[in-house]
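Colleague: I have a model on screen and would like to go through it with you. Shall we take it one question at a time?

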Amino acid sequence: MPCFKPIFDGIDCHHLYIAGPCSAESREQVLEAARGVKDAGIGILRAGVWKPRTRPGSFEGRGAVALEWLHEAKRDYGLRVITEVATPEHIEAALRADIDGVWIGARTTTNPFAVQEMADALKGVDIAVLVKNPVSPDVDLWSGSIERIYNAGIRRLAAVHRGFATYDNSAYRNPPHWSAPIELHRRLPELSLLCDPSHIGGRRDIVARISQEALDLGFDGLMIECHPNPDVALSDAQQQLTPEALKVLVDSLVWRRTPDIDGSLHDFRLQIDALDNHILELLSERMGVAREIGAYKLKHSMAVVQRDRFNELLNAASGKAQAMGMSREFVHAIFSAIHEESVRQQLELEKMKK
Ligand code: PEP
Ligand code: MN
């Protein structure tokens, strides 16, 4: 995917904010939100016109009539306006209303049929399309949806990270699992990557922290929910900020994308490269010993996987690593992967013997 255009002409696609209500509820609410967004120095207004809700009976948006309110906000406040689409009919209605961009929501990105139908409806159209991640942390599904839109000729493209559904109780509504958007960025480095801290957090008191984390990780922008009176919002009331809080947030965020002023970053990277090489050499040495153990087990007809041994190893490693300031989960993941590779190499020995 080599060539992208700016998401919106005249707006830096590596430093952008989008804000606005979860849903467009009334003309007055949209216009008031637009004023707040503009006062916070933000140039792009979001508002959901059609709301795909997890459960029936929730507010499902005002529908096409609300596009007129967005259009009015665009005209009166000079904002770009975007809304969520989930079907070709939504796209046609949005285009008729002169909307500047659309986003594909998490529930829709999950469905390749729906995404392909929308990609077909977008052929020959030059608007911004933002693709939210699918509900589950499946980077292939996310990049596949982006590819479908790209293949339809859309070049004003961005990905929006909004966290992933979770089964467990979590401090987040949708835990961020930052490694997923980072992997997407590795695969599509030229694509703008935005973060939606509102749907990740689900609570307004953690939106600022998540926003700063995203910027620290090099995200290109934020999409933040903002409502003139969040407590009475018809959807996502708990996570929306007032326009005043939005302004405070935007003024407090630090964009760390500074150039490597004195070359220190380069030096640190050289150190990291050397350490990574060292880690690889140690791993290779460890695999050598594992193969010797494999040969021994084979000779004495012993099972390759000795579960108690792995548990002992894991416990010892997690204890030590925690004392060194690393998390249990991290060490568990690393050692599970190392163990899996050792087992694979030992099984190879068995296969060679047969
Ligand atoms: C939204 O942006 O209001 C929305 C419904 O988001 P998501 O698709 O990320 O749940
Ligand atoms: Mn919402």
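Colleague: Into which domains is the chain divided?

Modeller: Bear in mind that this is a predicted model. The C-alpha centres of the two domains, domain 1 and domain 2, lie 41 Å apart. The chain is divided into domain 1 (16–252) and domain 2 (263–353).

Colleague: Which residues coordinate the manganese ion (ligand 2)?

Modeller: The spacing of the donor residues in sequence is C-x176-H-x25-E-x10-D. The distances to the manganese ion (ligand 2) are 2.0 to 2.3 Å, and the donors are C22 (SG), H199 (NE2), E225 (OE) and D236 (OD).

Colleague: Which parts does the pair E225 and D236 tie together?

Modeller: The two residues are 11 residues apart in sequence. E225 lies in a strand and D236 in a loop, so the pair ties together strand β8 (residues 221–225) and the loop between β8 and α10 (243–252).

Colleague: Is E225 buried or exposed, and is D236 buried or exposed?

Modeller: Buried means under 20% relative accessible area. E225 has 1% relative accessibility, so E225 falls under that cut-off. D236 has a relative accessible area of 15%, so D236 too counts as buried.

Colleague: How far does helix α12 reach from its first C-alpha to its last?

Modeller: Helix α12 covers residues 307–323, which is 17 residues. At 1.5 Å a residue, 24 Å is expected. The reach in the model is close to that, at 25 Å.

Colleague: Within what arc do the buried residues of α12 fall?

Modeller: The buried residues of α12 are F310, L313, L314, A317, S318 and A321. Seen down the axis, they line one face of the helix, because they fall within an arc of 130 degrees.

Colleague: What do the buried residues of α12 pack against?

Modeller: The face turned away from the buried side carries the exposed residues D308, R309, E312, N315, K320 and A323. The buried residues of α12 pack against α11 (264–299) and α13 (328–353).

Colleague: Which residue just after α12 takes a positive phi?

Modeller: The phi in question is about 90 degrees. The residue is G325.

Methods:
Residues numbered from 1 in each chain as written. Chains lettered and ligands numbered in written order. Predicted model: local features only at pLDDT ≥ 70, side-chain atom pairs only at ≥ 80, totals over all residues. Heavy atoms only, no water. Helix = DSSP H or I, 4+ residues; strand = E, 2+ residues; numbered from the N terminus. Expected span 1.5 Å × (residues − 1). Buried < 20%, exposed > 50% of the residue type's maximum accessible area, 1.4 Å probe, protein only. Arc of directions from axis to C-beta. Contact = heavy atoms within 4.5 Å. Domains from an automatic or database assignment. Donors = N, O, S within 2.8 Å, 3.2 Å for Na, K, Ca; no water.
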